[in-house]
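This report looks at charged side chains and their surroundings. Please keep the sequence and the model in view while reading.

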Amino acid sequence: MQLNLRQKRDTVTKIKNSNTFQNAPTSIALLQYLFEQTLNGIRLKESIIDIEFFGNKLDSEKNNPRVRVNVYNLRKKLISYYENEGINDIWRLTIDKGQYHVRFYKKESQNIFHKKINWPKILPYLGLLSAIVLIIYTNTTPKAPIIWNNFLSNNSPTNLFIGDHFGATGKTITNGTGWTRDFDINSITEFYELIEKNPELKNTLKPSNYSYTTRMAALATQKFQQLFQKHKKTFNIRFSTQTSISEIKEGNAIYVGPTKNKNQFIHFFNTGNPYFKITGNTLTLSNHPKLEDNQIEINNSTHDEEFAVVSKYPSTNNTEHIVFFSQHDIGVSATVEYFTNIDSLKSFRNSYLKDSKYFTAIFKVKGQDRTNTSIDLVSVIVF
């Protein structure tokens with residue numbers, strides 16, 4: 001027996017309207033796109049999805065994980081749906097690893113034998129079995145690290161925001177067409193301000209319909225995925241240049257990336273921290289009851305040594321943010337690894353947090369070829 005077209009569409013609609021997909025507009029749209037393309041018999045490839053779904057008119061960057069990350073996130077959403085709301089669904093939808101087309105399959109039925117049970121005799125054994133199961137469960141299920149407790153609970157969704165870079169397309173020095181990055185231009189508004197000041201660029205430069213991320217994005221995503229999967233939790237992935245203030249306020253948020261792209265998390269960091277502020281490339285400590293005012297130039301670094309800032313602070317509606325700031329890959333990669341490692345998390349909590357819940361930590365990281373080789377904790381301010 002096979003599903004007909006109407007039944008397939010009903011299955012997709014049911015998934016899209018579920019609570020699991022409620023706050024995942026990208027996953028909903030991507031599922032619908034992959035389903036329709038599968039129905040049309042189109043052979044889906046990563047480059048085709050990048051062009052047609054994400055609107056990339058040029059060749060995709062080889063190190064841009066956008067398609068893989070979003071399809072991976074969609075697969076996790078489907079798994080979560082069938083583990084909860086769709087647990088009794090007989091016909092199921094899947095996207096096989098290494099593939100992008102949608103496949104429907106029937107869940108194998110299980111034979112259940114009903115027998116008459118002598119409850120007075122079996123109840124004591126059930127009680128003993130329950131006690132054993134409880135002991136095993138207590139000893140084998142890891143407790144969420146205190147720093148990540150709110151992120152690993154079911155109270156609010158968690159979104160991972162990747163610090164990508166806004167760019168423009170136009171002629172290159174070789175007279176070809178290419179993508180250009182200017183760290184003074186970080187939004188469509190700033191782009192048109194540039195054009196207004198330099199009208200001669202109007203016909204040679206235009207906003208790009210895709211952004212750029214480095215290898216840091218994939219490495220950080222992998223570390224967070226390992227942490228969340230260990231606690232049977234999921235998170236959504238978004239890009240900072242495509243994110244609004246209201247989307248950041250939807251739930252708990254994690255940001256990984258630089259501050260020189262003038263991302264919106266700088267505002268939240270400055271609001272949530274009582275002693276620290278970031279202005280331009282300067283991190284300023286002031287008004288602390290015990291420490292002298294101080295400043296650190298967080299962009300005064302080379303590609304093999306830099307400062308990294310990690311801060312956990314309260315946000316709106318009882319949610320929290322954890323941000324990982326550094327101007328190059330090595331700072332973010334090193335601190336993400338540090339704060340997803342159980343041993344370093346425990347040591348950090350015992351040494352610095354004690355009765356405090358929030359903090360800002362400054363690290364000095366050294367590395368080579370975008371890979372960290374050493375990490376030193378310079379300062380921790382709790383509040």
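## Salt bridges and a buried arginine

K14 and D89 join their side chains in a salt bridge, with 2.9 Å from N to O. The term stands for a side-chain nitrogen of Lys or Arg within 4 Å of a carboxyl oxygen of Asp or Glu. This pair links distant parts of the chain: K14 sits in helix α1, D89 in the loop between α4 and β1 (91-94), 75 residues apart.

The model is predicted: local features need pLDDT of at least 70, side-chain atom pairs count only at pLDDT 80 or more, and totals for chains, interfaces and linings use all residues. Residues are numbered from 1 along each chain as its sequence is written, and side-chain values use heavy atoms, without hydrogens and water.

By this rule the count is 10 salt bridges. Three of them, including the K14 pair, are tabulated here.

| Pair | N to O distance |
|---|---|
| E36 and R9 | 2.7 Å |
| K14 and D89 | 2.9 Å |
| K312 and E320 | 3.5 Å |

How exposed are the partners? Buried means under 20% relative accessible area, exposed over 50%, and partly exposed in between (1.4 Å probe, protein chains only). K14 is partly exposed at 46%. D89 is buried at 12%. E36 is partly exposed at 23%, and R9 is partly exposed at 33%. K312 is buried at 2%, and E320 is buried at 2%. A network of salt bridges links K312, E320 and K357.

R75 lies in helix α4 (residues 66-83). Helices (H or I, at least four residues) and strands (E, at least two) are DSSP runs, numbered from the N terminus. R75 touches I95, D96, K97, G98 and Q99, leaving aside residues up to four places away in sequence. Contact means heavy atoms within 4.5 Å.

Now the whole protein. The secondary structure comes to 11 helices and 15 strands. Of the 383 residues, 44% count as buried. Among contacts with a separation of 6 or more, 62% come from residues 24 or more positions apart. The C-alpha atoms fill a box of roughly 80 × 60 × 35 Å, taken along the principal axes.
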